[in-house]
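Thanks for asking me to look this one over.

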Amino acid sequence: IDSISLASKFRGCLVGCLLGDCLGAPYEGDYGISKSVLQKYFEKLEGPYFKSPVKQYTDDAAMTKCLAESLIAQEKFDALDIAKRFVKEYFNNPRHGYGQQVVDIFHKLRAQKFEDPFGPAKEQFDGSGSYGNGGAMRVSPLALFCYSNYEELVNLVRRSAELTHTHKQGYDGTILQAIAVHQSLHLDPKETLDVHNFSTQLIQKMSQIEKDCEGLGLDDPYPYQTQLKKMQVLLDKKEDTHDAEVEKTLGTSVAALYSVPTAIFCFLRACTPIPEIDTDNPFRRTVQYAISLGGDTDTIASMAGAIAGAYYGYGIVSENLQKHCEATEQFIEYADKLYKITASK
Ligand code: R7I
Ligand code: MG
Ligand code: MG
Ligand code: MG
């Protein structure tokens, strides 16, 4: 991959993350979203005459912004700095639709003056830690930052998650999302995407990540591998998969286990046409499909958008869609700065 297209992939990733959040947010928590209503929604946004206030981003992009800004300012992973930015961002604008419990952490961090940035997260849910998708939804900048070092990626991503999500499913889901972005960055979009191989590689990598639960007597010590294998079965099927089956099998909830594999599925499924989604653009198809599944639409569309953008590059993202999202220019700037830092490492 030459340097120009890698810079474009960095932009595609962060703009994809932002766009999925902004366009998915109005539908968060909805079920049975009509495909034709969604088709009109996208056509209107993409059309040349539509004027309306831009769509605002939510906690997904707000926390992504914090991670990007910290990595750019520090040029390294600095957990304390990231924690401070999360807290500052939250108290500046608490109405960004944050997860119900994660905000307790921000209050505690502020009260203890950041003495122990990893402490409050461990107290969530009576000490079991959050398994929400909040670590995964914000991880893209770190996947870009660790473009050329897989070991570093896994370690830093886990620590970034542990600031808020100490449940194994919370941080492993974050690692899976980062690995998916990372794989996309390293592929050439001019070659046909090998969907089966993409998911096999994810399963192989998660077998390393999940091996520390062996012998603990858990019902399923490998929950992400289990979900990814189910995803692979859906993708391999000859006949088309119904949305209800996707929702039932992979999930569309705020739990990382039932949303990160779903986002990856959306990207992989949307490489080729999908019934009732009328567009030639596979990036838009990814985001539109992710929203159509309902549930945690902003987060699943954002994660799917980041993976798709990292694969296809910035050039595929319609300008009109970008214009309807708050902070697009800012996210492009983050991508360019992260590219410079990464390229000079
Ligand atoms: O994970 P988190 O940051 O939430 C992200 C979601 C995204 O959809 C955003 O768009 C935003 O809407 O919120 O925040 P958390 O509060 O840690 O987790 C989110 C939710 O997951 C919690 O409010 C719980 O409903 C659920 N959850 C759990 N429930 C029971 N036991 C997470 N962990 C647990 C658990 O251990
Ligand atoms: Mg949100
Ligand atoms: Mg919400
Ligand atoms: Mg959400």
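1. Donors here are N, O and S atoms within 2.8 Å of the metal (3.2 Å for Na, K and Ca), and sites may look incomplete because water is not among the atoms.

2. Please keep in mind that this is a predicted model, in which local features need pLDDT of at least 70 and side-chain atom pairs count only at pLDDT 80 or more, whereas totals for chains, interfaces and linings use all residues. Residues are numbered from 1 along each chain as its sequence is written, chains are lettered from A and ligands numbered from 1 in the order in which they are written, and side-chain values use heavy atoms, with hydrogens and water left out.

3. What arrangement do the six donor atoms around the magnesium ion (ligand 4) make? The arrangement is octahedral, because the angles they subtend run from 78 to 177°. Glu-28 (OE), Asp-296 (OD), Asp-298 (OD) and Thr-299 (OG1) coordinate this ion at 2.0 to 2.2 Å, and the donor residues are spaced E-x267-D-x1-D-T in sequence.

4. The magnesium ion (ligand 2) has Thr-58 (OG1), Asp-59 (OD), Asp-60 (OD) and Asp-298 (OD) as its donors, at 2.1 to 2.3 Å. Along the chain these follow the spacing T-D-D-x237-D. Asp-298 coordinates both this ion and the magnesium ion (ligand 4), and the two ions are 3.6 Å apart.

5. Are the coordinating side chains buried or exposed? Buried means under 20% relative accessible area, exposed over 50%, and partly exposed in between (1.4 Å probe, protein chains only). Asp-296 and Asp-298 are both buried. Asp-60, at 0%, is buried, and so is Thr-58, at 11% relative accessibility.

6. On to the aromatics. Rings of Phe, Tyr and Trp (its six-membered ring) pair if their centres lie within 6.5 Å; planes under 30 degrees apart count as stacked, over 60 as edge-to-face and the rest as tilted. The count comes to 14 aromatic pairs. Phe-198 and Phe-267 are edge-to-face, because their ring centres are 5.6 Å apart and their planes at 65°. This pair ties together parts 69 residues apart in sequence, since Phe-198 lies in helix H10 (residues 195-209) and Phe-267 in helix H13 (residues 260-269). Helices (H or I, at least four residues) and strands (E, at least two) are DSSP runs, numbered from the N terminus.

7. Phe-265 and Tyr-289 make a tilted pair, with centres 6.2 Å apart and planes at 50°. Phe-265 is in helix H13 and Tyr-289 in helix H14 (residues 282-292), so the pair links parts 24 residues apart in sequence. Phe-265 is buried at 0%, and Tyr-289 is buried at 2%. Elsewhere, Tyr-90, Phe-91, Tyr-98 and Phe-106 form one aromatic cluster.

8. Two lysines also deserve a look. A charge sits over a ring if NZ of Lys or CZ of Arg is within 6 Å of the ring centre and within 35 degrees of the ring normal. Lys-345 lies over the face of Phe-145, 3.7 Å from the ring centre, and the charged end of Lys-84 sits over the ring of Phe-114, 6.0 Å from its centre.

Methods
Four donors count as tetrahedral if all angles lie between 85 and 135 degrees; four count as square planar and six as octahedral if opposite donors are over 155 degrees apart and all others between 65 and 115; anything else is irregular.
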